[in-house]
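Good morning, colleagues. Please look at the sequence and the model on the screen while I take you through selected features.

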Amino acid sequence: MSTGRSAPLPDLSVPPLPREPEVLIECPRFSMVKRRADGTVDFVSPLPCPYNYGSIPGLLSDDGDPLDAVVLGPRLSQGQRVRVPVVAVLGFVDAGRGDPKVVCGTHPMTDSERAGLERFFRVYALFKRGLHRVRGAVPDTRFVGWLREGPEA
């Protein structure tokens with residue numbers, strides 16, 4: 001139930017990013033299992049992830065984990081490392097901590113890709129909240145919105 005008030009935002013800052021960061025793919029497109037960078041299972045989704053999901057080694061977000069990244073385009077292999085330009089950064093809060101997502105792709109995002117990412121992360125937040133409840137906690141977990149977009153993201 002919502003009270004109409006949102007919790008204050010945690011730190012959603014993103015460390016300085018290279019134009020084409022190296023992304024380690026942890027969850028290939030259409031996978032249902034999200035793994036941590038060390039290979040352990042973090043989350044099993046009831047729906048396949050429509051994106052390649054991974055992290056940028058060496059950069060951390062507020063939650064202390066490697067900075068998350070989404071790579072648009074065709075399915076990549078788990079463990080593959082790719083260098084892809086940053087096209088946007090979206091805000092996400094997970095368990096009350098800042099957990100921004102760096103979106104990478106070989107072309108500027110289309111309106112369809114932008115809308116798809118928003119839908120995905122809104123639904124993802126619902127599932128993550130459920131996971132936190134099962135684990136005995138009810139922290140703030142939500143999609144916040146776009147932090148940066150465009151070629152200078």
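The sulfur of Cys104 is too far from any partner for a bond, since the closest cysteine sulfur, in Cys49, is 14 Å away. A disulfide here is a pair of cysteine sulfur atoms within 2.5 Å, and by that rule the count is zero. Cys27 is likewise in no disulfide, with the nearest cysteine sulfur, that of Cys49, at 4.7 Å. As for accessibility, buried means under 20% relative accessible area, exposed over 50%, and partly exposed in between, with a 1.4 Å probe and protein chains only. Cys104 is buried at 0%, and Cys27 is buried at 3%.

I should state the basis of these values. This is a predicted model, in which local features need pLDDT of at least 70 and side-chain atom pairs count only at pLDDT 80 or more, while totals for chains, interfaces and linings use all residues. Residues are numbered from 1 along each chain as its sequence is written, and side-chain values use heavy atoms, with hydrogens and water left out.

I turn to the helix. Helices (H or I, at least four residues) and strands (E, at least two) are DSSP runs numbered from the N terminus. Helix 1 has 24 residues and should span 34 Å at 1.5 Å a residue; its end C-alpha atoms are 35 Å apart, which agrees. The expected span is 1.5 Å times one less than the number of residues. Its buried residues include Leu117, Phe120, Phe121, Tyr124 and Leu131. Just after helix 1, Gly136 takes a positive phi of about 95°.

Glu113, in helix 1, does make a side-chain polar contact with the side chain of His107 at 3.3 Å. The Glu113 side chain also reaches the backbone nitrogen of Thr110 at 2.9 Å. A polar contact is a pair of N or O atoms within 3.5 Å; within protein, one must be able to donate a hydrogen and the other to accept it, and residues adjacent in sequence count only if both atoms are side-chain atoms.

By the salt-bridge rule, the count is nine. In one of them, Arg81 pairs with Glu22, the closest N and O atoms being 3.0 Å apart. Arg81 lies in strand 6 and Glu22 in strand 1, so this pair ties together parts 59 residues apart in sequence. Asp62 forms another with Arg97, at 3.3 Å between the closest N and O atoms. Here Asp62 is in the loop between strand 4 and strand 5 and Arg97 in strand 8, so the parts joined are 35 residues apart in sequence. Asp99 bridges to Lys101 at 2.9 Å; Asp99 is buried at 3%, as is Lys101 at 1%. Asp68, Asp99 and Lys101 are linked in a network of salt bridges.

Finally, the backbone. Most residues other than glycine have a negative phi. Phe30 has a positive phi, near 75°, and is partly exposed at 48%. Ala95 also has a positive value, near 55°, and lies in the loop between strand 7 and strand 8.

Key: A salt bridge is a side-chain nitrogen of Lys or Arg within 4 Å of a carboxyl oxygen of Asp or Glu.
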